[in-house]
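Some labels used for protein structures rest on cut-offs. The questions below ask how such labels are reached here.

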Amino acid sequence: QVQLQESGPGLVKPSQTLSLTCTVSGGSITTSYYYWSWIRQPPGKGLEWMGAIAYDGSTYYSPSLKSHTSISRDTSKNQFSLQLSSVTPEDTAVYYCAREGWAVYDYWGQGTQVTVSS
């Protein structure tokens, strides 16, 4: 059973960088051919895919967020991370990490609330 757990600060000030980490257990983030994604849901809105890091370390980003999003991984800790720079209150959301394989998101973290406010 694969489990994902998001961690990071719940409150970030405007213009700062939001940093979150997803710790994966029960499976390796280097296993072919899985993709490890960050997805968010602003209050009252739908899910928004932000980006992903693949089993081989390749990264993919939403065009609308690419300019201030970075996803990386630490294979020794079986973790992958999100950095979102220059945040605004519009970046307030529940942030999820999830695993995708063959176009199916089969495992999700429980989600973590991040609020951008001064």
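Q: What is the bridge partner of Ala-98 in β10?
A: In this predicted model, the partner of Ala-98 in β10 is Trp-108.

Q: How do you know that strand β9 and strand β10 are paired?
A: Pairing needs at least two bridges between two strands. Strand β9 (residues 93-101) and strand β10 (residues 104-108) are joined by 4 bridges and run antiparallel. The strands therefore count as paired.

Q: What do β9 and β10 form, and which residue in the turn has a positive phi?
A: β9 and β10 form a hairpin with 2 residues between them. Trp-102 in the turn has a positive phi of about 50 degrees. Most residues other than glycine have a negative phi.

Q: Which residues make the nonpolar surface patch?
A: Leu-47, Trp-49, Tyr-60, Tyr-105 and Trp-108 make a patch of about 480 Å².

Q: Why is Tyr-60 called partly exposed?
A: Tyr-60 is found in strand β6 (residues 59-61). Buried means under 20% relative accessible area and exposed means over 50%, with partly exposed in between. Tyr-60 has 38% relative accessibility, so Tyr-60 counts as partly exposed.

Q: Is Ser-58 buried or partly exposed, and what makes it so?
A: Ser-58 is placed in the loop between β5 (48-54) and β6. Its relative accessibility is 27%, which lies between 20% and 50%, so Ser-58 counts as partly exposed.

Q: Which residues does Ser-58 touch, not counting residues up to four places away in sequence?
A: Ser-58 touches Ala-52 and Ile-53. Contact means heavy atoms within 4.5 Å. For Ser-58 and Gln-3, which are 55 residues apart along the chain, the C-alpha atoms are separated by 22 Å.

Q: What is the form of the peptide bond from Ser-32 to Tyr-33?
A: This bond is cis, with omega near -10 degrees. Most peptide bonds are trans. Tyr-33 lies in the loop between β3 and β4 (35-41).

Q: Is Asn-78 buried or exposed, and why?
A: The relative accessible area of Asn-78 is 14%, which is under 20%, so Asn-78 is buried. Asn-78 lies in the loop between β7 and β8 (79-84). Asn-78 has a positive phi of about 55 degrees although it is not a glycine.

Q: Why is Ser-86 called partly exposed?
A: Exposed would need over 50%, and Ser-86 has 48% relative accessibility, so Ser-86 counts as partly exposed. Ser-86 is found in the loop between β8 and β9 and has a positive phi of about 50 degrees although it is not a glycine.

Q: Why does the contact of Arg-40 with Glu-48 count as a salt bridge?
A: The cut-off between the nitrogen and the carboxyl oxygen is within 4 Å. The closest N and O atoms of Arg-40 and Glu-48 are 2.7 Å apart, so the pair is a salt bridge. Arg-40 is buried at 5% relative accessibility, whereas Glu-48 is partly exposed at 23%.

Q: How many salt bridges are found in the whole structure?
A: The search finds 3 salt bridges. One of them joins Arg-99 to Asp-106, with the closest N and O atoms 2.6 Å apart. Another joins Asp-91 to Arg-40, at 2.8 Å.

Definitions and conventions. Residues numbered from 1 in each chain as written. Predicted model: local features only at pLDDT ≥ 70, side-chain atom pairs only at ≥ 80, totals over all residues. Heavy atoms only, no water. Patch = residues over 30% accessible without salt bridge, like charges linked within 9 Å, V, L, I, M, F, W, Y side chains within 5 Å. Areas by Shrake-Rupley, 256 points an atom, 1.4 Å probe, with all protein chains shown as cover. Salt bridge = Lys/Arg side-chain N within 4 Å of Asp/Glu carboxyl O. Buried < 20%, exposed > 50% of the residue type's maximum accessible area, 1.4 Å probe, protein only.
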